[in-house]
Amino acid sequence: MLANKTIVLGITGSIASYKSADLASKLTQDGARVEVIMTESATRFISPITFRGVTSRPVVTSMWEMSSGFSIEHVALAEAADIIVIAPATADIIAKLANGIADDSLTCTVLATKAPVLIAPAMDTGMWRNSITQENVARLKTRDFTFIEPGYGHLASGCVGEGRLADIRIIIDTIRQILGRNGDMAGKRIVVTAGGTHEAIDPVRYIGNRSSGKMGFAVAEAARNRGAGVVLITGPTALPDPAGIEVIHIQTAIQMKKAVVKTVAKADVLIMAAAVADYMPKRQTTQKIKKTAAGRALTLDLVETPDILAEVKGGFLRVGFAAETEDIIENATRKLRNKQLDLIAANDVTASNSGFEVDTNRVTIISQDGKSEALPLMSKKEVAGRILDKVLKLLNGKPGAKGHTH
Ligand code: C5P
């Protein structure tokens, strides 16, 4: 995913710098070339040897060292960088950058680069909230600097407050978003639904299904990484909200429909990966239903939910999913026709490595003209990419949808 990308990772003197070893490792594992530059105080918290180990690259710690392989490091790395990430960033580095100070390798590199710069601050709450720090942040934000707000929680001082380094997952997500912002879906707006819905029976029980949300989240993240503006409407799921995506949480089919109607008007594409309940209880009792006499059956009256995909139409492409247990292609093709979809991704949810809950999927993508492409078993991430390839082809060939003005 990050193959052929050069990420310059700046590390400054914060106790959170130990987390950067994990960040450097994950970026390297994902194929990026990670060039680490440490400030002098960062080397007091964590050894450059750790970063050398996880990145298999020399680590720059000084302007005056001759052994690192770069002749003039700050110029070489400033030019090589696709992005510069400073994590953790202290109040001191933020102040220096906001004022154009260039007194070490990291500040020189940032001053010399044309690449976007991502800053993940970590510091004491007081330092972060200080108006001087906030003014420096505001100043940098007017240029090509993106900030990931620090999180709330336990701090090294023993206090609890704002100032923790953001989750490594959020930092990596944001790197992907920034690197992809000029991708082939730049300027496109996509609404994706994910997960299952919960249809309440009473205040403590619901009708749900096994959808984990993984397929929809993978589609949303893949679109974000290609430059699209993404709204993700999700039912209850264990997955954390992805960064760089507007996430709307809903519980029921009716709520999902409302959220889709509200967001899709400005969109180019609606991709419904959610497993929406087809039926909901006719009535929701306000009190918990009690057990009655032993052996007496309980009957629930169910009514149909709105079919969101069939009912929500406009100048956008509509893509559905069909989770099937038999006659997959026939059933999916019928749904494509009934709901007048542009594409449908059909999958057999009876296979253990495909469909609900797992990270892989085996789908067949069927288009309006009846043509189908059976994809082999692959990760949901890869499936998402293949679906988006087809969506993009349709978007580019459909003047109505492409000509959307926002
Ligand atoms: O008819 P079925 O539920 O199998 O159709 C699957 C497709 O329709 C999925 O894309 C699903 O998100 C969508 N759907 C919907 N509203 C419903 C039920 C399904 O939009 N009430």
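1. Let us start with Arg33, Glu35 and Arg57, which are linked in a network of salt bridges. Please keep in mind while reading that this is a predicted model. How many salt bridges does the count come to? The count comes to 23 salt bridges, and the next three points look at some of them.

2. Lys26 forms a salt bridge with Asp22, and their closest N and O atoms are 3.0 Å apart. Where do Lys26 and Asp22 lie? Both belong to helix 1, which covers residues 17–29, and they sit 4 residues apart, about one turn of the helix.

3. **A pair with two kinds of surroundings.** Asp103 forms a salt bridge with Lys96, with 3.5 Å between the closest N and O atoms. Is Lys96 buried or exposed? Lys96 has a relative accessible area of 18%, so it is buried, the cut-off being under 20%. Asp103, at 46% relative accessibility, counts as partly exposed.

4. Arg386 forms a salt bridge with Glu373, and the closest N and O atoms are 3.5 Å apart. The pair links distant parts of the chain: Arg386 is in helix 14 (residues 380–397), while Glu373 is in strand 20 (residues 372–374), 13 residues away. Arg386 is partly exposed, with a relative accessible area of 33%. Glu373 counts as partly exposed too, at 29% relative accessibility.

5. Which residues are the closest to the ligand? Of the 14 residues that surround the ligand, the closest are Met272, Ala274, Pro306, Leu309 and Lys335. Have a look at the backbone here. A polar backbone atom of Pro306 is 2.8 Å from a nitrogen atom of the ligand. For Ile308, a backbone N or O atom lies 3.0 Å from a nitrogen atom of the ligand. Taken alone, the ligand exposes 450 Å², and the protein buries 88% of that.

6. **A nonpolar patch on the surface.** Tyr279, Leu300 and Leu302 form a nonpolar patch on the surface, and together they have about 270 Å² of accessible area. One of these residues, Leu302, is in strand 15, which covers residues 302–304. With a relative accessible area of 41%, Leu302 is partly exposed.

7. **A buried threonine in a loop.** Thr113 is in the loop between helix 6 (105–112) and strand 4 (117–121). Is Thr113 buried or exposed? Thr113 is buried, with a relative accessible area of 13%. What does Thr113 touch? Not counting residues up to four places away in sequence, Thr113 touches Ala78, Ala81 and Ile84. The side chain of Thr113 also reaches the backbone nitrogen of Ala115 at 3.0 Å.

8. **A glycine in another loop.** Gly100 lies in the loop between helix 5 (91–98) and helix 6. Gly100 is partly exposed, with a relative accessible area of 35%.

9. Helix 3 covers residues 48–55, and Ser47 caps its N-terminal end. A side-chain oxygen of Ser47 lies 3.0 Å from the backbone nitrogen of Ile49. Just after helix 3 comes Ser56, which takes a positive phi of about 55 degrees.

10. **The chain as a whole.** Now step back from the details. The chain has 15 helices and 21 strands, and its C-alpha trace spans about 80 × 55 × 40 Å along its principal axes. Of its 406 residues, 49% count as buried. The chain exposes about 19600 Å², with carbon and sulfur atoms supplying 51% of that. What share of the contacts with a separation of 6 or more comes from residues 24 or more positions apart? Such residues account for 65% of those contacts.

Technical notes: Residues are numbered from 1 along each chain as its sequence is written. This is a predicted model: local features need pLDDT of at least 70, side-chain atom pairs count only at pLDDT 80 or more; totals for chains, interfaces and linings use all residues. Side-chain values use heavy atoms; hydrogens and water are left out. Helices (H or I, at least four residues) and strands (E, at least two) are DSSP runs, numbered from the N terminus. Buried means under 20% relative accessible area, exposed over 50%, partly exposed in between (1.4 Å probe, protein chains only). A polar contact is a pair of N or O atoms within 3.5 Å; within protein, one must be able to donate a hydrogen and the other to accept it, and residues adjacent in sequence count only if both atoms are side-chain atoms. Contact means heavy atoms within 4.5 Å. Patches are made of residues with over 30% relative accessible area and no salt bridge: like charges are joined within 9 Å, nonpolar side chains (Val, Leu, Ile, Met, Phe, Trp, Tyr) within 5 Å. Accessible areas come from the Shrake-Rupley method with a 1.4 Å probe; for residues, only the protein chains shown count as cover. A salt bridge is a side-chain nitrogen of Lys or Arg within 4 Å of a carboxyl oxygen of Asp or Glu. A residue is near a molecule or strand if one of its heavy atoms lies within 4 Å of it.
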